[in-house]
Amino acid sequence: MQTIVITGASAGIGRATAARFLAGGWNVALIARRGDLLLEMAEGHSALALPCDVTDIHAVEAAFMATAEAFGRVDALFNNAGLSRPAGLIDEIPYEDWTATLGVNLTGMFNCARAAFRQMRVQKPQGGRIINNGSISAHAPRPGSVCYTTTKHAVTGLTKTLALDGRPFDIAAGQIDIGNARTELAAKMETGVTQADGSVRAEPMMSATEVAEAVWHMAGLPLSTNVLNMTIMARDMPFVGRG
């Protein structure tokens, strides 16, 4: 039985993805800060609830050690935990919002990728797959999104370097860039969000279960094959086109 670690597993895309892998017969290590929700999800399944702040390197390392001890190995990581703060121009954004976003979206992702890479490199047989949640913001910003967009562009560099450095160890790394999945955090998209021309319009959405299916596909590929980058989006969202 294969094992996946999912961060940000207590809600939204992480929760939907965890449900897909549990239904598919994988061992699932659930990482998020809300331990009560993780325990509820893990009950009755081959799952491990691991309350953890991904910005805490020691807590992350302990969570991956616990996963390897419980299930024998780590075959995949869905590096999904993320944070978004209120929009604003760069000179209006509190410095604390910058450091908080950087901490979760980049340092947290680095911490988890580091722990996964280490485990995948030493386990027998060697190897595994790291899937980073990049977001469409890794390609194009929304107005007032300097903190979030900067971190997601940086995730692309992290993904590409992991994909290169992982080759000698049968570690594949790829990125899934998601646009307008229906979650608590993205609910405002359906009521109205600022566009590049300054107007406010509602945007089309897709189910988080569709994203989970895409992650399932990426994780199920043989390690000799890699999806370096996948974009999955609500079909009619204003991403492709001229704004």
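**A walk through the sheet, the cores and the rings**

Let's start with a helix on a sheet: α2 lies across β2 and β3, and its direction runs at about 180° to β3. Keep in mind that this is a predicted model.

Now for the sheet itself. Seven strands make up an open sheet, ordered β3-β2-β1-β4-β5-β6-β11, with parallel pairing. At the edges sit β3 (47–51) and β11, each of which pairs on one side only. Going from one strand to the next, the twist averages 15°.

Next, the packing. The largest nonpolar core holds 35 residues, and Ile4, Val28, Leu30, Phe78, Ile176, Ile178 and Val211 have the most contacts inside it. Elements that each supply at least two of its residues include β1 (3–7), β2 (27–32), β4 (76–79) and β6 (171–179) among the strands, plus the helices α1 (12–23) and α2 (35–42). The top contributor is α6, which gives seven residues. Besides this there is a second, separate core of 28 residues, with Val54, Phe64, Leu77 and Ile171 among them.

Leaving out residues up to four places away in sequence, valine 28 touches Ile4, Ile6, Ala18, Phe21, Leu22, Ser46, Ala47, Leu48 and Phe71.

Phe21, one of those contacts, takes us to the rings. The model has four aromatic pairs. In one of them, phenylalanine 21 and tryptophan 216 have ring centres 5.1 Å apart and planes at 65°; over 60 degrees counts as edge-to-face, so that is what this pair is. The two residues are 195 apart in the chain, with phenylalanine 21 in helix α1 and tryptophan 216 in helix α6, so the pair links distant parts of the chain. Phenylalanine 21 is buried, at 0% relative accessibility, while tryptophan 216 is partly exposed at 23%.

Arginine 20 places its charged end over the ring of tryptophan 216, 4.0 Å from the centre. Elsewhere, arginine 121 lies over the face of phenylalanine 169, 5.1 Å from the ring centre.

One last stop is glutamine 195, in the loop between β8 (193–194) and β9 (200–201). Is this residue buried or exposed? Its relative accessibility is 7%, so glutamine 195 counts as buried. Apart from neighbours within four places in sequence, glutamine 195 contacts Pro143, Arg201, Glu203 and Pro238.

Note on methods
Residues are numbered from 1 along each chain as its sequence is written. This is a predicted model: local features need pLDDT of at least 70, side-chain atom pairs count only at pLDDT 80 or more; totals for chains, interfaces and linings use all residues. Side-chain values use heavy atoms; hydrogens and water are left out. A nonpolar core is a set of buried Ala, Val, Leu, Ile, Met, Phe, Trp, Tyr and Cys residues joined through side-chain atoms within 4.5 Å. Buried means under 20% relative accessible area, exposed over 50%, partly exposed in between (1.4 Å probe, protein chains only). Helices (H or I, at least four residues) and strands (E, at least two) are DSSP runs, numbered from the N terminus. Contact means heavy atoms within 4.5 Å. Two strands pair if DSSP finds at least two bridges between them. Axes are lines fitted to C-alpha atoms, for helices over the stretch in contact, and angles run from 0 to 180 degrees between N-to-C directions. Rings of Phe, Tyr and Trp (its six-membered ring) pair if their centres lie within 6.5 Å; planes under 30 degrees apart count as stacked, over 60 as edge-to-face and the rest as tilted. A charge sits over a ring if NZ of Lys or CZ of Arg is within 6 Å of the ring centre and within 35 degrees of the ring normal.
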